[in-house]
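Please look over the sequence and the model below. A short briefing on packing and contacts follows.

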Amino acid sequence: MNKQFYVGINKDTHGGLTHLGRIVIDAWIFGILPESETCAGWSQSQMQNLYEKVYAAWEPYAHLPSRLPADLQQRHIKLYSEIIDAAKSNGWNAELGEDD
């Protein structure tokens with residue numbers, strides 16, 4: 001059986017702006033993981049467990065950043081701004097292509 005492992009947010013496509021990368025960022029926002037944890041080498045089951053924790057953390061806020069308390073909202077803005085700026089500087093484009 002061939003197990004797949006996450007490359008880590010620092011080596012993820014588009015600077016971490018992928019489904020798995022966003023799970024890691026959101027885990028940082030909610031304090032589930034320290035920002036030093038990139039999840040490099042994590043198995044699919046570890047990432048699934050993290051997803052479930054992040055999903056549960058978002059539930060009280062209807063999964064909407066605008067409903068986060070001020071401190072978490074500021075953390076969300078800060079982390080996503082940094083990740084988006086870094087991704088853009090490495091050629092990421094937020095525009096959807098014809099196939100997206």
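V24 touches Y6, I9, E37, T38, C39, M47 and L50, residues up to four places away in sequence not being counted; contact here means heavy atoms within 4.5 Å. This is a predicted model, in which local features need pLDDT of at least 70 and side-chain atom pairs count only at pLDDT 80 or more, while totals for chains, interfaces and linings use all residues. Residues are numbered from 1 along each chain as its sequence is written, and side-chain values use heavy atoms, with hydrogens and water left out.

**Nonpolar core**

- The largest nonpolar core has 24 residues, and V24, I25, C39 and L50 touch the most other members.
- Helix 1 (19-29), helix 2 (44-58) and helix 3 (70-89) each supply at least two residues of this core.
- Helix 1 gives the largest share of this core, six residues.
- A nonpolar core is a set of buried Ala, Val, Leu, Ile, Met, Phe, Trp, Tyr and Cys residues joined through side-chain atoms within 4.5 Å.
- Buried means under 20% relative accessible area, exposed over 50%, and partly exposed in between, with a 1.4 Å probe and protein chains only.
- Helices are DSSP runs (H or I, at least four residues), numbered from the N terminus.
- In soluble globular proteins, nonpolar side chains tend to be buried together.

**Helix 1 and its ends**

- Eight of the eleven residues of helix 1 are buried, which leaves the helix mostly covered.
- The buried residues are G21, I23, V24, I25, D26, A27, W28 and I29, and they pack against helix 2 and helix 3.
- T18 lies in the segment before helix 1 and is buried, with a relative accessible area of 18%.
- The side chain of T18 reaches the backbone nitrogen of G21 at 3.1 Å.
- T18 is also in contact with D12 and T13, its neighbours within four places in sequence being left aside.
- After helix 1 comes G31, with a positive phi near 75°.

**Helix 1 against helix 3**

- The axes of helix 1 and helix 3 come within 9 Å and cross at roughly 145°; axes are lines fitted to C-alpha atoms, for helices over the stretch in contact, and angles run from 0 to 180 degrees between N-to-C directions.
- This crossing of helix 1 and helix 3 is right-handed, a term for the near helix being turned clockwise from the far one by less than a right angle.
- On the helix 1 side, R22, I25, D26, W28 and I29 meet L72, R75, H76, L79, Y80 and I83 of helix 3.
- By class, this contact has seven nonpolar, one polar and three charged residues; Ala, Val, Leu, Ile, Met, Phe, Trp, Tyr, Cys and Pro count as nonpolar, Asp, Glu, Lys and Arg as charged, and the others, Gly among them, as polar.

- I83 is in helix 3 and counts as buried because its relative accessibility is 14%.
- Leaving aside neighbours within four places in sequence, I83 is in contact with I9, G15, L17 and I25.
- I83 and G21 are 62 residues apart in sequence and 9.9 Å apart in space, C-alpha to C-alpha.
- I84 is also in helix 3, but is partly exposed, with a relative accessible area of 27%.
- With neighbours within four places in sequence left aside, I84 is in contact with L17 and W92.
- I84 and G15 are 69 residues apart in sequence, and their C-alpha atoms are 7.6 Å apart in space.

Note on methods:
A polar contact is a pair of N or O atoms within 3.5 Å; within protein, one must be able to donate a hydrogen and the other to accept it, and residues adjacent in sequence count only if both atoms are side-chain atoms.
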